[in-house]
There are 2 protein chains.
Amino acid sequence: MKFGFLVFPDLEELDLIGPWEMVGMWGKLFGGPESRLIVAQSHDPILCARGLSLNPHTSFEQCPQLDFLLVPGGEGTRKEVDNPLLVRFVSEQAKHCSAVLSVCTGTFLLHKAGLLSGKKATTHWNSLARLKELGDVTVVEERVVRDGNIWSSSGVSAGIDLALAFIAEIAGEKTAAKVQFGSEYYPSEKRYGTLHESPMAPAYLKKRV
Amino acid sequence: MKFGFLVFPDLEELDLIGPWEMVGMWGKLFGGPESRLIVAQSHDPILCARGLSLNPHTSFEQCPQLDFLLVPGGEGTRKEVDNPLLVRFVSEQAKHCSAVLSVCTGTFLLHKAGLLSGKKATTHWNSLARLKELGDVTVVEERVVRDGNIWSSSGVSAGIDLALAFIAEIAGEKTAAKVQFGSEYYPSEKRYGTLHESPMAPAYLKKRV
């Protein structure tokens, strides 16, 4: 199996590396995808939103057909929705992918690639209104949303939850448990301050408070 | 303020990028460290444990005195404890750092640099016994441990909790809240399978079950 991770300038680092870590552990230790590829328009280094520089494994042109494709979000998505090469890469790959996943504002790239029309999806709380404005997406304020073979998550750190839910679906709960234990993903439930109670907070969070 | 992130071959990606994201958001949006540097022995690309290739910002030789230094873990730490250049970099920087932080098995690098003798610290559940065997560290099975200006966390994903706790300490609860909200770090509390109840599970997790 081949799992691709799309990258582009000004992506949000944790959007990418949260799922990358989970899928990497699954692939390297617990029978998951043996090929995990970071794919960009070219082989040049990618400068991420918080200043990390990373090196793609392959380019759009050289990338093999993937089984799974994950699209992170970040400020860069606002520019990349107007990049026809990137949008076409996503839509062409998606035709033969078993699943396409997005984190945070990566959802807007899936939409531009024509993957979300008439579907349920989510995004970062600060972009929910913008996603609703697109008109043809049923916006669901959950942390992880699945509609058929399209998966999406809320903002930044939610990609970790997305990846574990996806692994549980594809490889079973016991495999997801091994990845969760291996990555010691039993987060503190600490809430700092009161922003999680603000009117901007997504519905899934308000429900939990 | 200058916040350094040590990197070396076969580090575990999320150990680094979890805190990198939190500190990056703090620095870029909410008044945190304006300089955030990824530091390696040389400027060559670093190949991480799950296959990510990243580019350091600076080398040990060219790195300015840091205010804060974070040391991630991963398989690579087993080799790097015997790298005198890296160990010396950590111990020399630590002399004038306000705080030194480690994630996962990064704790063993702090120990080798002489920073943990007589101190409380923690590491990944699978390395707790090895940390205890060192003899001069009081091993505490909490998710985040602070002893004076030395902070450590349990495995991989725990670096996110570490970073938020650190930001709350340095910049206050309201700033930590902004970073938590911005990164939408309100993780699912889902436990896959039963490994979190296994005898190997760290004490903090057993307490929560």
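In strand β6 of chain B, B:L69 is the bridge partner of B:G4. The model is a predicted one, and in it B:L69 also stands opposite B:V100 in β7(B). Chains A and B are superposed by a rotation of 180° with 0.0 Å of shift along the axis, and 47 residues of chain A are in contact with 47 residues of chain B.

**Strand β6 of chain B and its partners**

- Strand β1 of chain B (residues 2-6) pairs with β6(B) in the parallel sense, over three bridges.
- Strand β7 of chain B (residues 99-103) also runs parallel to β6(B), and four bridges join the two.
- Within β6(B), which spans residues 68-71, B:F68 and B:L70 point one way, whereas B:L69 and B:V71 point the other way.
- Both pairs of residues, B:F68 with B:L70 and B:L69 with B:V71, are buried.

**Nonpolar core**

- In soluble globular proteins, nonpolar side chains tend to be buried together.
- The largest nonpolar core of this model has 140 residues, and A:V7 and B:V7 are those with the most contacts inside it.
- Leaving aside neighbours within four places in sequence, A:V7 is in contact with A:L16, A:I38, A:V39, A:A40, A:I46, A:L54 and A:P56.

**Relation between the chains**

- The superposition of chain A on chain B, by a rotation of 180° with 0.0 Å of shift, has an RMSD of 0.0 Å; that is the relation of a two-fold axis.
- A:L54, one of the contacts of A:V7, is the residue of chain A that comes closest to the rotation axis, with its C-alpha at 2.1 Å.
- In β4(B), the bridge partner of A:L54 is B:L54.
- The strands concerned, β4(A) and β4(B) (residues 53-55 in chain B), pair in the antiparallel sense over two bridges.

**Interface composition**

- The contact between the chains involves 47 residues of chain A and 47 residues of chain B.
- On the side of chain A that touches chain B, the elements giving two or more residues are α1 (13-29), β4 (53-54), α6 (158-171) and α7 (173-182).
- Helix α1(A) supplies the largest share of that side, with eight residues.
- By residue type, the side of chain A that touches chain B divides into 21 nonpolar, 14 polar and twelve charged residues.
- The copies meet through the same surface, because 100% of the interface residues of chain A are also interface residues in chain B.

Conventions
Residues numbered from 1 in each chain as written. Chains lettered and ligands numbered in written order. Predicted model: local features only at pLDDT ≥ 70, side-chain atom pairs only at ≥ 80, totals over all residues. Buried ≥ 20, exposed ≤ 12 C-beta atoms within 10 Å, placed from the backbone. Pairing = 2+ DSSP bridges. Contact = placed C-beta atoms within 7 Å. Nonpolar A, V, L, I, M, F, W, Y, C, P; charged D, E, K, R; others polar. Core = buried A, V, L, I, M, F, W, Y, C linked by C-beta atoms within 7 Å. Least-squares fit on C-alpha atoms with pLDDT ≥ 70 in both.
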